[in-house]
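Student: Can you walk me through this one? I'd like to go topic by topic.
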Amino acid sequence: MSLEHGGATVRGFCMRYVDPEAVVGCGDGTARVFDMYSRNCSHIIKMHNGPITCMALTDDQLIVSGSSLGSVRVADLSSDQCVGSLKSAGNPGIKCLSYNPGSYSVFAGSTSGHLYCWDLRTMSPLWERKISPNVIYSIQHLRNDTSSLVVGGIDGVLRILDQDSGKITSSYVMAKKGVFFGRASSSSSSSSSSASSSNNNIGASIEMKARKLTGDVTTDIDRIPKDLRPPITCLAVGMKKVVTTHNKKFIRLWRFQ
């Protein structure tokens, strides 16, 4: 999306909203704050030297943003100033962010497959792990849940991690191609995990069984056929359910017992 302000046009890469303000991360490294009632840009905060690729907002009016240049910085909405940086050992581009108000933890996924965790109160690193051979696109968890973290990326593996240590507790892909059920069908499975996919263009519903992976999924990913692990571009977490999107072609619902 493009934004116009003061005669200049900048590209917006991401957005977060907490009533009454929407914060847009832009290609010029600024976070632009818009009041949704007056429809005016009320603040412009310079946060990075490169494009802002992802953001998270806290209940304390803090903006946490990641950049394609690898920096993660924190700004205060009330003062329009950056108040600190979250540092890591490397500097790969940051693709996604998530903030957990229950533990004050900030999680970030990178273009190199690394996952980072910081304590926002001290702005100190807690752990760093390489969990994927390639880009991590999405990180999510239930609000205030301090146990599990769900991660998806370009390799198409759905990973569940322990928030305290960053260790992978389980990884999933599809076990086989699904069975076509037609329009608006419902399905169930007795396996430990399963998934349903839908395609809006043809209204199809397909049931597939999920396969829990063993071994080092980071290094042995090529042994899994790509048609069983399409890239996960975005995900959302619910109670015993995870919804994933895949290259704009379909949406998948994972159900866990």
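Student: Start with Cys96. Buried or exposed?
Tutor: Cys96 is buried, with a relative accessible area of 5%. Keep in mind that this is a predicted model.

Student: Which cysteine sulfur is closest to the one in Cys96?
Tutor: That of Cys54, at 6.3 Å. A disulfide needs the sulfur atoms within 2.5 Å, so this is too far for a bond.

Student: And Cys234, what is the closest cysteine sulfur there?
Tutor: The closest one is in Cys96, 9.7 Å away, again too far for a bond. Cys234 is partly exposed, at 41% relative accessible area.

Student: How many disulfides, then?
Tutor: The count comes to 0 disulfides.

Student: Switching to charges. How many salt bridges?
Tutor: The structure holds 4 salt bridges. One of them pairs Asp59 with Arg143, with the closest N and O atoms 3.1 Å apart.

Student: Where do Asp59 and Arg143 sit in the chain?
Tutor: They are 84 residues apart, so the pair links distant parts of the chain. Asp59 is in the loop between strand S6 (52-57) and strand S7 (62-67). Arg143 is in the loop between strand S14 (136-140) and strand S15 (148-153).

Student: Are Asp59 and Arg143 buried or exposed?
Tutor: Asp59 is exposed, and Arg143 is too.

Student: What about Asp155, which residue does it bridge to?
Tutor: Arg159, with the closest N and O atoms 2.8 Å apart. Asp155 is buried at 5% relative accessibility. Arg159 is buried as well, at 2%.

Student: Which residue meets Asp119 in a salt bridge?
Tutor: Arg121, at 3.0 Å from N to O. Asp119 is buried, with a relative accessible area of 11%. Arg121, at 56%, counts as exposed. The line for buried is under 20%, and for exposed it is over 50%.

Student: New topic: the sheet. Which strands are in the one with S10, and in what order?
Tutor: It is an open sheet of 4 strands, ordered S10-S11-S12-S13, with antiparallel pairing. Strand S10 (94-100) and strand S13 (124-130) stand at the edges. Each has a single partner strand, so one side of each has no neighbour in the sheet.

Student: What is the average twist?
Tutor: From one strand to the next, the twist averages 15°.

Student: How many bridges join S11 to S12?
Tutor: 5 bridges join S11 (residues 105-110) to S12 (residues 114-119), and the two run antiparallel. Within that pair, Gly109 stands opposite Leu115 in S12.

Student: What holds paired strands together in general?
Tutor: Strands of a sheet pair through backbone hydrogen bonds, in a parallel or antiparallel way.

Student: Last one: is the peptide bond from Asp19 to Pro20 cis or trans?
Tutor: The bond is cis, with omega near 10°. Pro20 is in the loop between strand S2 (8-18) and strand S3 (21-26).

Notes:
Residues are numbered from 1 along each chain as its sequence is written. This is a predicted model: local features need pLDDT of at least 70, side-chain atom pairs count only at pLDDT 80 or more; totals for chains, interfaces and linings use all residues. Side-chain values use heavy atoms; hydrogens and water are left out. A salt bridge is a side-chain nitrogen of Lys or Arg within 4 Å of a carboxyl oxygen of Asp or Glu. Buried means under 20% relative accessible area, exposed over 50%, partly exposed in between (1.4 Å probe, protein chains only). Two strands pair if DSSP finds at least two bridges between them. Axes are lines fitted to C-alpha atoms, for helices over the stretch in contact, and angles run from 0 to 180 degrees between N-to-C directions.
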